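Morning, everyone. I have one model to walk through, so let me put it on the screen.

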Amino acid sequence: MTEPAEGSGSGSTRTGDLLRDGAERLRISGSETPRLDAELLLAHAVGVGRTAIVAHADAPVGADAVRAYRVAVERRAAAEPVAYIRGIKEFHGLAFFVDSRVLIPRPETERLVELGVAEVMRRLGARGSVFEPMRVVDVGTGSGAVAVALAAALRRLNALEAVEITATDISDDALDVAKANAVSHAVADRIAFALTDLLPPGTADFEIVLANLPYVRGDAMAQLPPPTTFEPTLALDGGPGGLAVIGRLVDRLPSVLAVDGVALFEIGADQGDGIVGLIGERLPGWSCSVETDLTGLPRVARVARA
Ligand SMILES: C[S@@+](CC[C@H](N)C(=O)[O-])C[C@H]1O[C@@H](n2cnc3c(N)ncnc32)[C@H](O)[C@@H]1O
């Protein structure tokens with residue numbers, strides 16, 4: 001019997017061959033980014049960065065890493081998101097720990113963070129020497145992406161001491177992940193976490209309310225792409241019309257938002273008119289404008305007393 005020559009196919013444990021075989025397996029299984037997925041999974045199995053994997057096609061890979069890589073490729077072939085397999089997702093320049101207890105943070109949510117940071121900085125600039133901390137809340141924090149990225153960005157701007165950040169979620173499991181991310185980015189002492197429906201009862205006077213709550217239309221849940229079905233339903237299902245959960249938070253704004261406060265809600269690209277209509281109906285006399293994302297699509301609703 002003749003052993004396959006090294007590098008001649010699926011028996012090879014050279015980086016380039018493993019990538020080629022893995023990418024082919026993922027292409028057949030329907031991944032839209034088979035080569036990238038294979039590179040990320042092999043880098044994770046080997047314990048190095050993706051560039052090292054791409055740059056060293058001839059490098060041999062150890063038996064344990066090959067086994068781990070093959071298991072990871074099969075998980076991905078069954079549609080599990082790469083982020084859950086690796087346990088990591090990059091968001092706003094930070095690495096977040098993620099697993100199936102939380103939504104994988106999306107790049108479009110970085111817009112919400114940027115608007116939040118800009119709002120904090122604008123308000124601090126206008127306050128002069130008032131040292132009362134500014135109260136900011138991230139409602140539906142999930143992995144902690146928004147609250148932790150906001151805190152990290154404000155620390156870089158020397159503004160973290162000026163804010164008091166609360167992060168809430170109705171899922172205890174999600175809060176465990178958010179707390180772990182706050183610890184790994186050294187902002188745990190700057191964020192108060194609360195297990196609650198939207199906002200803790202009796203809270204008030206938030207200057208900035210940030211929220212990326214579920215907004216997928218209930219009747220669209222059955223048509224989600226297969227990787228999305230691995231994510232918590234609680235993080236996605238926005239009820240009939242998609243704005244039911246956001247609508248309940250809107251109803252609470254008059255009692256929780258400071259007089260000159262602002263609420264920033266992430267919305268779906270097709271929900272710009274819907275949110276403007278909802279605010280007009282539920283909060284007559286308030287203002288609602290819609291900010292677009294980098295692709296020019298509606299992404300964040302800005303709501304305030306007019
Ligand atoms: C779309 S995910 C967003 C997670 C994170 N903020 C992000 O941007 O990646 C929505 C989050 O809201 C939480 N959630 C859903 N309904 C909620 C409610 N009534 N009160 C508080 N959190 C809620 C879910 O558990 C989930 O973590």
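Ground rules. This is a predicted model, where local features need pLDDT of at least 70, side-chain atom pairs count only at pLDDT 80 or more, and totals for chains, interfaces and linings use all residues. Residues are numbered from 1 along each chain as its sequence is written, and side-chain values use heavy atoms, with hydrogens and water left out.

Salt bridges. My criterion is a side-chain nitrogen of Lys or Arg within 4 Å of a carboxyl oxygen of Asp or Glu. How many salt bridges does that rule give? The count is 25.

Take Arg127 and Glu207. Their side chains form a salt bridge at 3.2 Å, N to O. Arg127 sits in helix α6 (residues 110-127) and Glu207 in strand β6 (residues 206-211), so this pair ties together parts that are 80 residues apart in sequence. Helices and strands here are DSSP runs, numbered from the N terminus: H or I with at least four residues for helices, E with at least two for strands.

Buried or exposed? I call a residue buried under 20% relative accessible area, exposed over 50%, and partly exposed in between, with a 1.4 Å probe and protein chains only. Arg127 is buried, at 17% relative accessibility. Glu207 is buried too, at 15%.

Arg127 and Glu207 belong to a network of salt bridges with Arg111, Glu119, Arg122, Arg123, Glu291 and Arg302.

Next, Asp197 and Arg248. Their closest N and O atoms are 3.0 Å apart, in a salt bridge. Asp197 is in the loop between β5 (191-195) and β6, Arg248 is in helix α10 (residues 244-256), and the two are 51 residues apart. Asp197 is partly exposed at 35% relative accessibility. Arg248 is partly exposed at 40%.

One more pair. Asp293 and Arg299 form a salt bridge, closest N and O atoms 3.1 Å apart. Asp293 is buried at 11% relative accessible area, and Arg299 is buried at 8%.

Now the loop residue. Ser143 lies between β3 (134-139) and α7 (145-156). Its relative accessible area is 3%, which is buried. What does Ser143 touch, leaving aside neighbours within four places in sequence? Contact means heavy atoms within 4.5 Å. The partners include Phe96, Phe97, Val98, Val177 and Asn181.

On to the sheet. Eight of the ten residues of strand β7 (residues 257-266) are buried, so the strand is largely enclosed by the rest of the structure. Strands pair if DSSP finds at least two bridges between them. β6 and β7 run parallel, joined by five bridges. β7 also pairs with strand β9 (residues 298-305), antiparallel, over five bridges. Follow Leu264 across: Leu210 stands opposite Leu264, and Leu264 stands opposite Arg302 in β9. That is the Arg302 of the salt-bridge network.

Last, helix α1 (residues 15-29). It has 15 residues and spans 21 Å from first C-alpha to last, close to the 21 Å expected at 1.5 Å a residue. The expected span is 1.5 Å times one less than the number of residues. Buried residues in α1 include Leu18, Leu19, Gly22, Ala23 and Leu26. An α-helix has 3.6 residues a turn, so residues three or four places apart point the same way. The cover over the buried residues of α1 includes α2 (34-46), α3 (50-55) and α4 (63-77). After α1 comes Gly30, with a positive phi near 110°.
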